[in-house]
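Here is a friendly briefing to read with the model open beside you. Let's take a look together.

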Amino acid sequence: MKVSVCMITYNHENFIEQALESVLKQETDFPVEIVIGEDFSKDRTREICHDYATKYPGVIKLIATEHNVGMQKNFFRTYKECDGKYIAFIEGDDYWTDPLKLQKQINFLESNTDFSACLHNVLIKSFRNGVEKEWIMHEKLPKDTFDTEDVLGPWFIPSPSFVFVNYPDFEIPDWFFNCTYGDLPIMLLLSLRGKFKYLPEVMGVYRLHDKGFTTKHMGYDKIIVMTYIYQSFNIHTNYKFSERIRESVIYEITRHIPKDIFDKDLQESKKNTIIERGFQKVKRLIQNDKI
C-alpha cells in the first residue's frame, strides 16, 4: 500500500460523508486506503462509516470500539493500523478540495527523500456561537521549508494538510500517550527525521465549530496541554530546544490565559518566574509519571 489515510471521527454525522467522498475522489497513480477510527459516536457517524466500509471493501477499513476511548487512544489505534509507505491525516469534520492533493504531495516526497513530511494551505471554515466566517489560513508564509524550531512555534500546520513518511523504525515514546493531541507530538518527532515542505495551494478545508475538539481546550487547559507536550519533547531531545520551547510556552500563556489574570504588561521578571515554576512543575510530573 502506498498511502494510508488516517481518519479519526466522533459525532461527525453532518460532516463525515463529505470527508470520505473527498478522499475517494483523489486521482492517484498509486493505491490508497482509508483507515477510519470511529470512537463510539452518539449520532449516526458509525452507521455512515459502516455503510461506506461495506460499499468500498478493500479500500476502507473501519476500526470501531464498543465504548468511547477518547481522542488520543482513538488516534493511536487508528494510526497503528495504517500500513502505507506514507500516511495522510484528516479528521471526520474536515475535507479535501483538490482531487490531485495526494498525488502532488507524494510526488514531492518520493523525489525528496531528505523531507519527512509535506503540508499545504487550507481554507478555514469557522462556525462558532452562531457566527460563520471563512478565510485562507496562510496569505503568505516567509519560506516553504521548515524544521523542528519552526514546528515548535505558533501553529501553522493544519492536520488535513499533513502527509508524512511512515518510517518502519519510527517509535512512539511513552510520553505520547499522556498528550491530549496526537498530531502535534507526531509532527515534532517527524521533524527530527527530516524537513517539512509547504505547498501554498489551497487543497483542503479545516473546520472550526462549537462541537470541535479544540473548543474544549482553551485558557488554562490549553496552556497545560501545550506545556506538557513541549516539555516532554524537551526531555525527549535532551533539552536541545530549551530556549525555543521556553518562547513557545510564553506565547501560549500570553495568548490563552485570561487577560484579567495575566496582564500583557506584566514585568518580565515576574513573567519569567511564572514560566520557570510551570516548567519545573511539569518536569517533576513527567519524571514521576504523575501526568
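**A residue to start from**

Isoleucine 8 sits in strand 1, which spans residues 3-9; helices (H or I, at least four residues) and strands (E, at least two) are DSSP runs, numbered from the N terminus. This is a predicted model, in which local features need pLDDT of at least 70 and side-chain atom pairs count only at pLDDT 80 or more, while totals for chains, interfaces and linings use all residues. Residues are numbered from 1 along each chain as its sequence is written, and side-chain values use heavy atoms, with hydrogens and water left out.

**Around isoleucine 8**

- With a relative accessible area of 8%, isoleucine 8 is buried (buried means under 20% relative accessible area, exposed over 50%, partly exposed in between, with a 1.4 Å probe and protein chains only).
- Leaving out residues up to four places away in sequence, isoleucine 8 touches Gly37, Met71, Asn74, Phe75, Thr78, Ile90, Glu91 and Gly92; contact means heavy atoms within 4.5 Å.
- Isoleucine 8 and phenylalanine 89 are 81 residues apart along the chain, yet their C-alpha atoms are separated by 8.7 Å.

**The chain as a whole**

- The chain has nine helices and ten strands.
- Of its 291 residues, 52% count as buried.
- Among contacts with a separation of 6 or more, 79% come from residues 24 or more positions apart.

**Nonpolar cores**

- In soluble globular proteins, nonpolar side chains tend to be buried together.
- The largest nonpolar core has 76 residues, and those with the most contacts inside it are Val5, Phe162, Ile186 and Phe196; such a core is a set of buried Ala, Val, Leu, Ile, Met, Phe, Trp, Tyr and Cys residues joined through side-chain atoms within 4.5 Å.
- Helix 7 (residues 220-236) gives the most to this core, contributing seven residues.
- A second, separate core of five residues includes Val122, Met137, Tyr206 and Leu208.

- Thr45, Ile48, Cys49, Tyr52 and Ala53 are buried in helix 2 (residues 45-55).
- These residues cover an arc of only 135° around the axis, so they lie on the same side of helix 2; the arc is that of the directions from the helix axis to the C-beta atoms.
- Thr54 and Lys55 are exposed on the other side of helix 2.
- The cover over the buried residues of helix 2 includes strand 1, helix 1 (16-24), strand 2 (32-38) and strand 3 (60-64).

**Glutamate 110**

- Glutamate 110 belongs to helix 4 (residues 101-111) and is partly exposed, at 35% relative accessibility.
- Its side chain makes a polar contact with the side chain of lysine 85 at 2.8 Å (a pair of N or O atoms within 3.5 Å; within protein, one must be able to donate a hydrogen and the other to accept it, and residues adjacent in sequence count only if both atoms are side-chain atoms).
- A further polar contact, of 2.4 Å, joins the side chains of glutamate 110 and tyrosine 86.

**Aromatic rings**

- The structure holds 16 aromatic pairs; rings of Phe, Tyr and Trp (its six-membered ring) pair if their centres lie within 6.5 Å, and planes under 30 degrees apart count as stacked, over 60 as edge-to-face and the rest as tilted.
- Tyrosine 52 and tyrosine 56 form a stacked pair, 6.2 Å centre to centre with 20° between the planes.
- Phe75, Phe76, Tyr79, Phe89, Phe162, Phe164, Phe176, Phe177 and Phe196 form one aromatic cluster.
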